[in-house]
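I opened my notebook for a friendly walk through one chain. Here is what I looked up, entry by entry.

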Amino acid sequence: MTLPEEFHEIAGRVNNWGRWGADDETGTLNLITDEVVRQAAAEVRTGRRVPLALPLRQDGVQSGMIPGRVNPLHAMVQINQELFGPGTVACSDDAVTMGLQAGTHWDALTHVSHSGRLYNGRPADTVTAHEGAGFAGIDKARHIVSRGVLLDVARARGVDRLAGGHAVTPQDLDAAEELAGATVRSGDVVLVRTGQVQVYLTGDKHGYGYPSPGLSVRCPEWFHARDVAAVANDTLTFEIFPPEIDNLWLPVHALDLVEMGMLQGQNWNLEELSTACGEEGRYAFLLSATPEPFVGATGSPVAPVAIL
């Protein structure tokens, strides 16, 4: 099935191919300049730190809906072992097997393709079984530190959690921006709160994944117009699921990652941040969210921290 004309029209309006050169592998992260980071540091007033990652655990968010994306399998490989002989310092070590996008994570620009292409027009077959993403792997996102802005869509709509069938629209983002009292600007990392992670936190991982609120196919143009550097939210699928347009699966992924070259994150826990921002009366902060540098990976775990 070919992608509909509506999708291609939006893609043409948000396309960033060649904007930072034909060989660029980091996309909109180029918008996080030294000056952007300097201004982001000025957002720190109290030093209050809010962690945004879900715990990595064997009974994590993955339910089997996404093939191969296994929750972390943690094993001890040595326990109090005296490596250098009796009476010497003893060591304990661990090993983990997991899907790199199993928990709180960033999607790399190579996570999806459409029409045989990746970001910047590179062929999709440059992602291989042996080497992974030779182009634009997550290891190319070497540092993500910028001004973060929480767009608390649920709070702006007067609810604790958006309904499963709610597609977050540009109008929702406008309302949340007004609530925040902070204009989203070039180089910002935007965090969109739907409240959906509450479903997982209460123990219903299947209900967390489906049905889920999420971003509408119309949101990428909102982010493109403001030169947003990256976007993350508190859902499993990032965009509304099932899709708002019949049989158009993951169009927001394709527009963000392939057309714009904009990283997107999922499974971020924004509940404590929502409370903190409400208490502080401000929704902008310094955000540290650098992914683990797995070479050639199409995504990576991240343990983000917002500093108010």
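**Entry 1**

I began with Y283, which sits in the loop between α9 (271–280) and β13 (284–288). My helices (H or I, at least four residues) and strands (E, at least two) are DSSP runs, numbered from the N terminus. I kept in mind that this is a predicted model, where local features need pLDDT of at least 70, side-chain atom pairs count only at pLDDT 80 or more, and totals for chains, interfaces and linings use all residues. Residues are numbered from 1 along each chain as its sequence is written, and side-chain values use heavy atoms, with hydrogens and water left out.

Is Y283 buried or exposed? I noted Y283 as buried because its relative accessibility is 6%; buried means under 20% relative accessible area, exposed over 50%, and partly exposed in between (1.4 Å probe, protein chains only).

Next I listed the contacts of Y283, taking contact as heavy atoms within 4.5 Å. Leaving aside neighbours within four places in sequence, Y283 touches G148, V149, L150, D152, R155, L179, A180, C277 and G278. With R155 there is a polar contact, side chain to side chain, at 2.9 Å. For that term I used a pair of N or O atoms within 3.5 Å; within protein, one must be able to donate a hydrogen and the other to accept it, and residues adjacent in sequence count only if both atoms are side-chain atoms.

I also checked Y283 against G60: they are 223 residues apart in sequence and 28 Å apart in space, C-alpha to C-alpha.

Then I looked at α9 itself, where E271, L273, S274, A276 and C277 are buried. After α9 comes G281, with a positive phi near 75 degrees.

**Entry 2: salt bridges**

Here I counted a side-chain nitrogen of Lys or Arg within 4 Å of a carboxyl oxygen of Asp or Glu. That rule gives 20 salt bridges.

R193 pairs with D160, their closest N and O atoms being 3.7 Å apart. This pair links distant parts of the chain, with R193 in strand β9 and D160 in the loop between α3 (153–156) and β8 (167–168), 33 residues apart. R193 counts as buried because its relative accessible area is 3%. Which residues make up the network here? Salt bridges that share partners join D152, R155, D160, R193 and E271 into one network.

I then turned to R122 and D23, whose side chains meet in a salt bridge at 3.4 Å, N to O. The two lie in distant parts of the chain: R122 is in the loop between β4 (105–107) and β5 (127–128), and D23 in the loop between α1 and α2, 99 residues apart. R122 is partly exposed at 25% relative accessibility, and D23 is exposed at 60%.

R57 and D59 form another salt bridge, with the closest N and O atoms 2.7 Å apart. R57 is partly exposed at 43% relative accessible area, and D59 is partly exposed at 42%.

**Entry 3: strand β11 and its partners**

Both faces of strand β11 (residues 230–233) are covered: A230 and A232 on one side, V231 and N233 on the other, are all buried. I called two strands paired if DSSP finds at least two bridges between them. Strand β9 (residues 189–193) runs parallel to β11, joined by four bridges, and V190 has V231 as its bridge partner in β11. Strand β12 (residues 263–266) also runs parallel to β11, through three bridges; here A232 is partnered by G265.

**Entry 4: T28**

T28 is in the loop between α1 (5–14) and α2 (34–41), and I noted T28 as buried, at 2% relative accessibility. A polar atom of the T28 side chain lies 2.6 Å from the backbone oxygen of A229. Not counting residues up to four places away in sequence, T28 touches residues including W20, V228, M260 and L263.

**Entry 5: nonpolar cores**

A nonpolar core here is a set of buried Ala, Val, Leu, Ile, Met, Phe, Trp, Tyr and Cys residues joined through side-chain atoms within 4.5 Å. The largest has 68 residues, of which W106, L191, F223, W268 and L273 touch the most other members. Helix α8 gives the most to this core, with six residues. Apart from it lies another core, of seven residues, among them V61, Y200, Y208 and L236.
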